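Here are my notes on the model, as numbered points. Please read them with the structure open.

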Amino acid sequence: MKRFDLSSISAKNPLGQEGRCIRTAAALVIGQILNGKTMDKNSNYFAKYCFERGIDLKRIEVIPDDQNEIIEASRRLTSKYDFVITTGGIGPTHDDITYASLARAFNQSLAHHPETLRRLDEMNRHRAWVSTQTSQQREATKRMALFPEKAEVLFVCGDIWVPVVRLQGKLCIFPGIPALFTKMLDGLAPYLPLPPASERPLRVQIFTERPESMIAPYLTALHARMKKQKADIQVGSYPVLGKGVFVSLIGRDRNMGVPGQGVPVNSEQRPQPGASSEAQEPPARVWLAQIACEVEKEINGRIVSDEEVKILKEGGVGEVRRRMEDGDIVPDTKVNSSSTSTSFASPRVSSPASIACDSPSVAEPDVDVDVTMEVKKPKLGEVGWS
């Protein structure tokens, strides 16, 4: 396999402001998704990519290979969001108009990119069909290296000649083939001003066999409470037909800005002279783990691991119920601050990274903690399982 050099990583922030990082994103899917011929796998992968990196994915739009629609959508999305991708429409045929449409959207001409042409020739040199190409076929091949002339061209994968083409510092153009898209998106990460790892969200899932209508009033009240307290915790519920409901909690464990237990405050939060004692009390900190334990009790559910989520979605409710009743061994677990999906193993695991649900106060969990001992989960009906 031919290996190519990667593009160097610029010290200049592509968003144009030192220290600014990507907060919001959007995806523009172009081409054959709308006629049912192609299944869109790229949007799902991009959504996971954003979540794992602490980026708030705001929109996914699917549009046809129509120049006017591409121009309108690309201008609108780049004006609103920090990171926008397009997928599809960059091949050699007549309906591959993404590069040309985006050049027009941002008032640029098209020009062949010499290094991309060189890599394309290098990749195709030993292929038998190359020597049989007509002049028209060669020109069609070269269309795949015809970019907006002021674009930034990033070679992010050593074994792929196709670059990521970036416009306006934020709009990145990708091929629509899922295998190429996923590899190139992963390869692009070092070239992006991503949020710091400390700001990446965590997701906890709680499964209950109760009907969704039975837990809806509590979840509605919980959502309202989190909103009122300005807690950065999102509450969602996702039923699985005939099995139960997953309640999803997503949060970053930030201060909620409400009176409570003593937590250090920054200069903007410091009380002013003459303020009431309640106003002078530092804001409380409510941890995602604390809310997860509360939800678990209220809905008669259980915090589940990623493995158990998969089992449940595949129909193994009985298997997970057996685990709840028997109290299975918890496997070795590693909790890290950069993790974006966690089950807290079990809410009663006696490790620094675990939280007791019946504790009146919740201490800040440590991060980057190895739990090397095996611990029994409580059986259904024991303390902690309502």
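1. Buried means under 20% relative accessible area, exposed over 50%, and partly exposed in between (1.4 Å probe, protein chains only). Helices (H or I, at least four residues) and strands (E, at least two) are DSSP runs, numbered from the N terminus. The model is predicted: local features need pLDDT of at least 70, side-chain atom pairs count only at pLDDT 80 or more, and totals for chains, interfaces and linings use all residues. Residues are numbered from 1 along each chain as its sequence is written, and side-chain values use heavy atoms, with hydrogens and water left out.

2. Helix α3 is mostly covered, with six of its eight residues buried. These are T98, Y99, S101, L102, A103 and A105. After the helix comes N107, with a positive phi near 55°.

3. Take S101, placed in α3 (residues 98–105). Its relative accessible area is 0%, so S101 is buried. Contact means heavy atoms within 4.5 Å. Not counting residues up to four places away in sequence, S101 touches Q67, I70 and I71.

4. A nonpolar core is a set of buried Ala, Val, Leu, Ile, Met, Phe, Trp, Tyr and Cys residues joined through side-chain atoms within 4.5 Å. The largest one has 30 residues; F46, F83, F174 and L188 touch the most other members. At least two residues each come from β1 (24–30), α1 (42–52), β3 (83–87), α4 (114–124), β8 (171–174) and α6 (178–188). The largest share, four residues, is from α6. Apart from this core lies another, of 24 residues, including A26, I70, I90 and A105.

5. What does F83 contact, leaving aside its neighbours within four places in sequence? Its partners are I22, T24, A25, A26, F46, Y49, K170, C172, L185, L188 and L192.

6. Four strands form an open antiparallel sheet, in the order β10-β11-β9-β12. Two strands pair if DSSP finds at least two bridges between them. β10 (233–240) and β12 (302–304) are at the edges with a single partner strand each, so one side of each has no neighbour in the sheet. The twist averages 30° from one strand to the next. β9 (residues 202–208) and β11 (residues 244–251) pair in the antiparallel sense over seven bridges. T208 is opposite V245 in β11.

7. Two helices lie across strands of this sheet. Axes are lines fitted to C-alpha atoms, for helices over the stretch in contact, and angles run from 0 to 180 degrees between N-to-C directions. Helix α10 (residues 306–313) lies across β9, β11 and β12, at about 100° to β12.

8. A salt bridge is a side-chain nitrogen of Lys or Arg within 4 Å of a carboxyl oxygen of Asp or Glu. The whole structure has 15. E61 and R76 form one, with the closest N and O atoms 2.7 Å apart. E61 is in strand β2 (residues 56–63) and R76 in helix α2 (residues 67–80), 15 residues apart. E61 is buried at 11%; R76 is partly exposed at 23%. R59, E61, E72 and R76 are linked in a salt-bridge network.

9. E294 forms a salt bridge with R225, the closest N and O atoms being 2.4 Å apart. E294 lies in α9 and R225 in α7 (residues 212–228), so the pair ties together parts 69 residues apart in sequence. Both residues count as partly exposed: E294 at 23%, R225 at 32%.
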